[in-house]
Amino acid sequence: MRSYRLDAGTGLDGLRLDVSELPVPGPGEVLVEVRAASLSYREAMILEGRYVLPVRAGGIPLAEGVGVVSATGPDVAGPPVGARVVVAAFPRWQDGPFSLDVIDQIGGSLDGMLAEHVVLPSTALVEIPDDLADLTDAEAATLPVAGLTAWNALTGGRGIRRGDTVLTLGTGGVSLFAVQLATAMGARVIATTGNDARAGLLRELGADVVLNYRDTPDWPVAVRAATGGRGADLVVEVAGTLESSLTAVALGGEIAVVGFVGGRPGPTLDPVTIFTTGATLRPVAVGSRAQLVALVHAVGTHRIRPVLDQVFPFDDAPEAFRRYLGGTALGKVIITFAPNHERT
C-alpha cells in the first residue's frame, strides 16, 4: 500500500512517499479503499507547524476524503462492503458539543486519507446515498471538512431562518460552501472578495450582494447599508477580521469563528464593542458525525455541487500541495487515487 507521510513543521520537504503492508481492520474497524482526498487550510498550518491540535509525527495527512468499504473487521455495524463513504474528521465525535475527549482527528493525531487504503472505526463513516450517485468522488471528498465546517457555521448555533442575512468572507472552500448552503436554506447572502474576477462565481453560487474589500475597505459599513442599517444576522468568519465582523453583525447576531486565513486578529478585542453588539462569538471545529449526516442529506436535497479548482493524481500529490499553498486556487484542490474511475 502506498501513502504519503508528513512531519509537522517541516514544510513540503517533509512530505514523503511510503510503501507498507495493506492494513487489516480489527474489531469495530473497516478497511476503506480511498478514491479521492481534499486539501484544506489545516494542511497549511500543519506544514508550518502552527496547527492548534496534536499532530502525529510521520503520520498520513489530509482529513477529508471519500472511499469504498473494501473489508470489515469483527463486530462491525455500519456501511457494508462496497458502500461509498465519507469520513468524519473527528471519528469519536458522534453528536452534541465538541469536547476534549473526542479530540483525536483524521490527518492529525490519527492517520489521514492520503493513502490508497485506510483502516477506520466504522462509527466514523457516513454512507453516500444512492440519490447522490452523480456526485463525483472528487466532489464528495470536499464534504467532511470544508462542507461540514460551513454547515456547522450555519446551523450549529442560532441557526439561520429564511430571510436572514448571512455574510461570507472571501472565496475559500468553506466560504463557497457557505454561500451555496445559505442560499439553499433561503437566506440572503452578502459575500466579500478581493478579486472582481471571482465576483461572478459568487453570484452564480447564490450571493445577492458581492463587495470587493479592496475597493471598499470599510466593507462593514457597506454591509450595513445593504441591510438597511441592521447588519448581518450571521457572519461566517474565516479571515481573522473579528473587529470588522463585529461592526458588520446585527444586534444579537452570531459570528461563527472558523479561522484566520488572512492573519491573526489584533491582540485585544474591545469588550465594549462585543457587549454593545450583543453578538455571540462561536468557535467552529469542523463538526460531528451527526452533522455530517445532515450535510450529506442537504447536499442531496438541494443538489449542491462543490466547487473544484484542480484534480491531481496520487503520484502528483506534492504538486497538489503547491497548487493549494500558492493561494490562487478557486475551489477545492483534490488528489485522486483512481484517475480513470468514472466518478472521479
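Which residues in helix 3 meet which residues in helix 4?

## Basis of the description

This is a predicted model, in which local features need pLDDT of at least 70 and side-chain atom pairs count only at pLDDT 80 or more, while totals for chains, interfaces and linings use all residues. Residues are numbered from 1 along each chain as its sequence is written, and side-chain values use heavy atoms, with hydrogens and water left out.

## Helix 3 against helix 4

From helix 3, the residues L143, A146, G147, T149, A150, W151 and L154 meet G173, V174, F177, A178, L181 and A182 of helix 4, where contact means heavy atoms within 4.5 Å. By class, this contact has 10 nonpolar, three polar and no charged residues; Ala, Val, Leu, Ile, Met, Phe, Trp, Tyr, Cys and Pro count as nonpolar, Asp, Glu, Lys and Arg as charged, and the others, Gly among them, as polar. Helices (H or I, at least four residues) and strands (E, at least two) are DSSP runs numbered from the N terminus.

Helix 3 (residues 143-155) and helix 4 (residues 173-184) pack with their axes 8 Å apart and at an angle of about 55 degrees, which makes helix 3 oblique to helix 4. Axes are lines fitted to C-alpha atoms, for helices over the stretch in contact, and angles run from 0 to 180 degrees between N-to-C directions; angles under 35 degrees count as roughly parallel, over 145 as roughly antiparallel, 65 to 115 as roughly perpendicular and the rest as oblique.

## Cavities and a pocket

On a 1 Å grid over the protein atoms alone, a cavity is a set of points where a 1.4 Å probe fits but cannot get out, and a pocket is an open set with protein on both sides within 12 Å along at least five of seven lines; lining residues have an atom within 4 Å of a point. Grid points are joined across faces, edges and corners, and a volume is the space filled by probe spheres set on the points.

There are three cavities of 30 Å³ or more, and the largest cavity has a volume of about 50 Å³. Its lining consists of L6, I46, V55, R56, G59, I60, P61, G107 and G108. The second largest pocket holds about 260 Å³ and is lined by 16 residues, with I60, D111, V118, V119 and L120 nearest its centre.
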